[in-house]
Structures are given as structure tokens and as C-alpha cells.
Amino acid sequence: MMRLKTSLLKEPKHRELVSCVGWTTADELYSCSEDHQILRWNLLNNETNVVVNMQEDIYPIDLHWFPKSSGGKKQALAEIFVLTSTDGKFHLVSKTGRIEKSVEAHRGAVLAGRWNCDGTALITAGEDGQIKIWSKSGMLRSTLAQQGSPVYSVAWAPDSDRILYTSGKQLIIKPLQPSSKLLQWKAHDGIILRVDWNSVNDLILSGAEDCRYKVWDCYGRLLYVSAPHDYPITSVAWAPDGEVFAVGSFNTLRLCDKTGWSYALEKPNTGSVFGVAWSADGTQLAGACGNGHVIFAHVVEQRWEWKNFQITLLKRRTMQVRNVLNDAVDMLEFRDRVVKASLAQGHLVVTTSLQCYVYSTKNWNTPLIFDLKEGTVSLIVQTEKYFLLVDGGGVYVYSYEGRLVSSPKFQGMRTDILNAQSVSISNDTIAIRDKTDEKVVYLFDVQTGKPLGDGKPLTHKMEVMEIALDQCGPAGDRKIALIDKNHDLYLSSVRRLARDHTIVKIGTMVKTIAWNDSVNVLSGVQDTQFTVWYYPGAVFVDKDLLPKTLLTKDASDLSSSPHILSYVGTQVTVRRVDGSLVYNAVSPYPAILHEYASTARWEDALRLCRFAKDQTLWACLAGMAMASRELTTAEVAYAAIGEVDKVQYINFIKELPSKESSLAHMLLFSGHQQEAEATLMQAGLIYQAIQAHLNLYNWDRALELAVKHKTHVDTVLAHRQKFLQDFGKKETNKRFLQYSEGVEVDWEKIQAKIEMELAKERERAATTASVRSSVAVRH
């Protein structure tokens, strides 16, 4: 799937152990060694020169460049790095090698120094067990922790509000807020040497003297533990986009997926790899080696698949396209190195360090090429008509013709931490999960980049872990699926009309989800079940239908944290935690049924269900027909799944005299009481609105309407009395006691009144119908 192409010089450039490395650009690296030299490596012309010879008493340990950009804004200070050393000091060093400032920081060696994401603070950790926070000019702000053992490694949380550090075999997460509780757990059986915390996926890496590396979530839950290696793990580092990480040990360099399994193992002659650093675009890494070497490694042989196409990145600037149907092979050459690529919806989108290439799978010879603003693209998401690019400067939506369509923004948006789980796009809508408040999902219109509707975001009651927009159908029916922190799956309508977003739960213990690319069918892994929601929208039409529209298969072989890569056509591709791929086939019938329902071919839909003889299909059809107010088809479908009460109700709706009454009862069928009432009131059918509430035992609302419109108060009281008599109860409701004084209940009179109301409604309906037909004749 992916491997590292490593390169080492014949002779090492440093005379002693190399302790740390750091990239300035994607083609320039600085390395520090115990020979007191700082070297600059230029990868474009393969030159290496000495930047500075440091004083004899400075033995460097850790190096970290000041962050290049913060929240899309270029930093002015970007040309300095912090260097920590054994003499208890840290040094702020310029690009030319001048030491701008040296600060006495710890007793004994300063073992680690790290800038936070926007460079507003620096943290150092010492052999003396202290952790200190400094301003960017090197002034001490606070001592965060003091302990008895050396702190070998520290990392900032993605939003710079917590610190992760080592304490022997323990890992500790300490919030900067003084009163907050710290999180501490035993992580390894040996002293922990290295940690890293990725800002995109919020996962933690640790490597230790017990020769294992482990992956944790930000709550300290173990997600992966490696088999023991032969030697201690001396370095770990996340790639910037959080998709892969590198692990260094004695004569060992490993490339791993974010879930822990290993893509590639290299055994270079390096001694221990003491530090690993990724370039900002995530295409290559460098390692600081114990024998004086600096090792470089490029990520190659990445693979993308879609339908009958398989694309492989052979070299940094070359891709191979294979059509597996006829074994035709095309080679794609690029001017600069490939940074990101995505293959879906009949298009390949490739970003290099400077440009974006868009290929159609029908023609590999003439790509559409346009220049990129910021350079390093960290994410590409495709939909049928558009694709979305994320870089350090913003979020951009392009058409496949290369036209910039929109660029959505919201306050406090950090594009550097967006990933495929927190961004979703369909042909008309963009959804972005907020980072500062993870309960909030911002929704934008693709064409304008402006917030949808009244501009209010969708707010869930729990932190949202993953979002996904459905891909098909009209914009008005667009739905978003979301998984929250409790692993519950919810569905919500995106373009709500004057209503708050109704967020309905449709699954529990859900680990991963994906919408189909051509119909609105949702697949997911629910606990140990592989589940397909053939018609998720059923939950808005008839909640009881939803469980009957599901396909479930045992998926206990999918292991603890599977990930659905894609759901194309009738095939769902799932990656297991060990890296192997599992393919699940899904019946083609639901997709055909969706197609028939969307084009109102109800006869064909009924024929399909009769042919397939499948209860889930009938249940889907029942929901689709009710959503389209196609009562005859709905009646047949409900009868096929044995829902007698609903068949009766549909028959009742069909016999109602006016269109407004039918519509109101269809809304009631789906549980929308307020809309049903509003429909009847608008049409002036006050008695029918009161009767609807009486049927639902909404006594207070029925009385309220009767009193407000000064009609049928006796009807409401009569029904209430009968209800109380039937159950042998006494009236306790104050309002009913108040109005029943002096109101005589005469059932004959009431019946006559009701008959009159219904006759009036029939008459109105008849008049409306005759007006309509005469208009039609005239036209």
C-alpha cells in the first residue's frame, strides 16, 4: 500500500551522534549533533553546509522550528528555532545560526522544547523533572509541573490548552487551567522516551524502553499496542495530516497507519534513530541517527482505487494508472512532487507543491491544471460535481472545470486541523465541524459559501466525532449523519424550514459510516454488526419503519476499530485494524427502488418488491411512498409488512373530503403535530384541528383552540367527560372545571354541529375542485 524509499550518504556528515533534525521548508533541513555543528541540508541541489560551530559546552538535545503559519496567517518570526542542550539552557537560534538568546531553564539537561501551534508559547522539560512555559521571547511564564524523575518528552494538545508529558512509565495530560484535574495512566512497562500528539486526529503516540509503541486517544484509552521490537523505541512522530506516523529504533525505521498497523519496515545502517521529523507537506521525513548520519525517506507507492481504476504513486512525480478491465496502463508525470491525491466520482484530483491537476477517468492525456494559493493541501474531498481543497489558508470549493465556486469561512476556523471526519461536501451543501466547540456543525451553501438558512449552525447535545452528508437527490432533502462521542449515530435534515434541526438517533455503538456515492443509502459498523440503512429518511416519515429497513450482517471478524473507506455501487470497502481490506456486497435492489421512487414510477416499484419478496424492500417502499404522499402505493406496502393499523389510517386519510385535511393527517402520520395543526388552521378548518387534538388526547390544546375561536367548547368538554367516565376518573384539571360550569353537554346537538362542519368542508372541497377544472379547461 505504501512504503518508504530511504537514502543515506556513503559517509556521515556529522562526526558524532545526531540528536535532532527539523525542516524549514519541504526541501531544506537543519540537523544538530554532539560534534557541536548545525548543518543545513538542501535537497534540491544535494548540498550540505555548516551553518554554525557552537561552543564546546553546548551538546544539543532537541530542536523545534517556530511555526510557519498560524490559522492561515503567515508568521513574521518564522526564521528562528529553539535548541535545547545539556547545560540546562535553551537557545533561540536564527536561520543563519546566530544565537539570539540563551536562557537558563533547568538544573541538568533540557530534554525537550516545543512551540505551541501558533508560536505564542514555548514549553521545556528538564532532567530536573520540571516543566516550564515560556513566552516567545523567552520570558518564564509558569512552572507547570515538578516531579522526581526526568521528563523525556512533551507535546501540546491540538488547541494548546493541555500538555502531555512523560513521567517514568506514566503518561500525564495536564490542563493549563490551574484548577483542572490532570489525567494520568500507566502507559508502558519501561521508561517512556518519546511522545507526539497530532492536531488533526487528536491521537497520541508513545514509544518506550519496553520496545513497544502505542496509540492512544486523548482520554488515555489504548487504541493500539505494537509487538515488542528488539530495541527500545527512541523516536515517534505523526505526519502533519495525521494519516500515518513514523517510528524509529536501533537500525529501524517504520511507517505506520494512524490505527497502528505497519505499512513498511526499513532496516538502514543508522544506529539508533533519535529523532524523526516530517516535512510540512507530509511527503518525506528525516531521521537523526546515532552513527552521525541523517536519513531521508520519501513516502512512495501510495495507492488509490475507484471502480476499475487503480492508481499508484511510483516516484515523487510519477503516477501509474491501471484500468483492470483491459489492463491498459497510463503514466502521469508532474512538474513538482505529488502532495495529495483523491480518486472518486470519475475524476482524479492531484495536488503538487504548487499546482492542482484534475483528470477525468475517460481521458488521462489532458488534465486541467491551475495554480494553488497556499501550496500545501492537507485534504481533498470529492463529490459528483465539485471537490473541496483544504490548505493552511482556507477551505475552497472548485468545479471539475477548475472554477473556484466558493470559500466558506466562520469565526475561529482552523483549517490546519480539518480532516475527512470533520468536513463533508455534497453537490449543494458543505458541513464543517467546529473545533473550539465540537458540538457545533456549520452548514454552508456550495454556490455562495454563505451559511444555510438563518445562519444558525446545527448544535448537538454531545461532542461530534464524525459527520457525513448524503450525496444524492434534491437540496431540500439533504441529510447529515453524525457520530457523537458516545458512538451514537444521528440523522438530521440540513435545510430545515423555520424549524430547529430535528436530530434523530438511528444507531448505537457506531464506529464508522459512509454514504453510497449514487443513492442515499448509508452503511456503517454497529458494535459487531455490519449495518446498511437502506432508507435512513424513514425515521422522519414513520419511526417504527426504520428497524425494518435495515440490513445487518455479523461483522465480529472486522476487529475493534474498523474504518469504512468507501461505498461505491454495491460494494462497501472496510479496512480492519490490522490493515487488511474486507469487501461487503450489498443488494442492488434498494438502489433501484430509490431510483423508481425519485422518478415517481410507483408501478415499477411495486413490481420490484413483488419480484424480490423482501420485507426490508417493502418497508423502504412504504416510507418512500408516504414521504411522496403516494397513498395507494403506501397502502399496498404497509399491507405487505403486516401493519394493519397503518393501512386503516391510510384508508381514512384517502376518504377525507378536502386536500388540507388529507395533508394534515399525513403530517400527523409522521408525528408532526404542530405542522398538522397549522395546515388545518390556515385552511380555516378549526373543528378539524380541535378534533385532531382530541384524537391524540391533547386535551389542553383542544380546549385552548375551542376557547380562542369561541367554537366547539361543548364538543371538547363532552369528549373529556366520556373519556373520564370510561376510565372511572374524576375531573382534576382546573381549566376544564372552570369551563364545564354552566355548559350543558348535549350529544345530539354536538353530532348535528359536527355533521354541519363536515358538510361545509365537503362543499368547499367540491367548489375548489370545480374551480380548478374550469381553469384547466380554459387553459
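How do the residues of the lining of the second largest pocket divide into nonpolar, polar and charged? The points below take up this matter together with the rest of the predicted model.

1. The lining of the second largest pocket divides into 16 nonpolar, twelve polar and nine charged residues. In total 37 residues line this pocket, and those nearest its centre are Gly476, Asp477, Lys479, Tyr535 and Ala627. Two or more lining residues come from each of α1 (538–541), α2 (589–598), α4 (615–627) and α7 (659–669). Of the contributions to the lining, that of α2 is the largest share, at five residues. The volume of the second largest pocket is about 1200 Å³.

2. As to overall composition, the protein contains 13 helices and 57 strands. Its C-alpha atoms fill a box of roughly 110 × 65 × 45 Å along the principal axes. Of the 779 residues, 55% are buried. Among contacts with a separation of 6 or more, 43% join residues 24 or more positions apart.

3. The largest nonpolar core comprises 63 residues, and the members that touch the most others are Leu489, Leu593, Leu621, Met626 and Tyr638. Helix α4 gives the most to this core, with nine residues. A second, separate core has 20 residues, including Ala676, Ala692, Leu694 and Trp699. As a general background, nonpolar side chains in soluble globular proteins tend to be buried together.

4. Apart from neighbours within four places in sequence, Met626 is in contact with Val541, Leu631, Ala634, Tyr638, Ile650, Met666 and Phe669. One of these partners, Tyr638, is listed with Met626 among the residues of the largest nonpolar core that touch the most other members.

5. Is helix α9 (residues 686–695) largely enclosed or largely open? Helix α9 is largely enclosed by the rest of the structure, because eight of its ten residues are buried. The buried residues are Tyr687, Gln688, Ala689, Ile690, Gln691, Ala692, His693 and Leu694. Their cover includes α7, α8 (673–682), α10 (699–708), α11 (713–726) and α13 (747–778). After α9 comes Tyr697, which has a positive phi, near 60°.

6. Asp230 lies in the loop between β23 (222–225) and β24 (235–238). Is Asp230 buried or exposed? Asp230 counts as exposed because its relative accessible area is 65%, and the cut-off for that class is over 50%. In sequence, Asp230 and Ser249 are 19 residues apart, while their C-alpha atoms are 8.7 Å apart in space.

7. Four cavities of 30 Å³ or more are present in the structure. The largest cavity holds about 60 Å³ of space. Which residues line the largest cavity? Its lining consists of Phe410, Gly412, Arg414, Ile417, Leu418, Ser422, Ile432, Arg433, Asp434 and Lys435. By class, these lining residues divide into four nonpolar, two polar and four charged.

Conventions. Residues are numbered from 1 along each chain as its sequence is written. This is a predicted model: local features need pLDDT of at least 70, side-chain atom pairs count only at pLDDT 80 or more; totals for chains, interfaces and linings use all residues. Side-chain values use heavy atoms; hydrogens and water are left out. On a 1 Å grid over the protein atoms alone, a cavity is a set of points where a 1.4 Å probe fits but cannot get out, and a pocket is an open set with protein on both sides within 12 Å along at least five of seven lines; lining residues have an atom within 4 Å of a point. Grid points are joined across faces, edges and corners, and a volume is the space filled by probe spheres set on the points. Helices (H or I, at least four residues) and strands (E, at least two) are DSSP runs, numbered from the N terminus. Ala, Val, Leu, Ile, Met, Phe, Trp, Tyr, Cys and Pro count as nonpolar, Asp, Glu, Lys and Arg as charged, and the others, Gly among them, as polar. Buried means under 20% relative accessible area, exposed over 50%, partly exposed in between (1.4 Å probe, protein chains only). Contact means heavy atoms within 4.5 Å. A nonpolar core is a set of buried Ala, Val, Leu, Ile, Met, Phe, Trp, Tyr and Cys residues joined through side-chain atoms within 4.5 Å.
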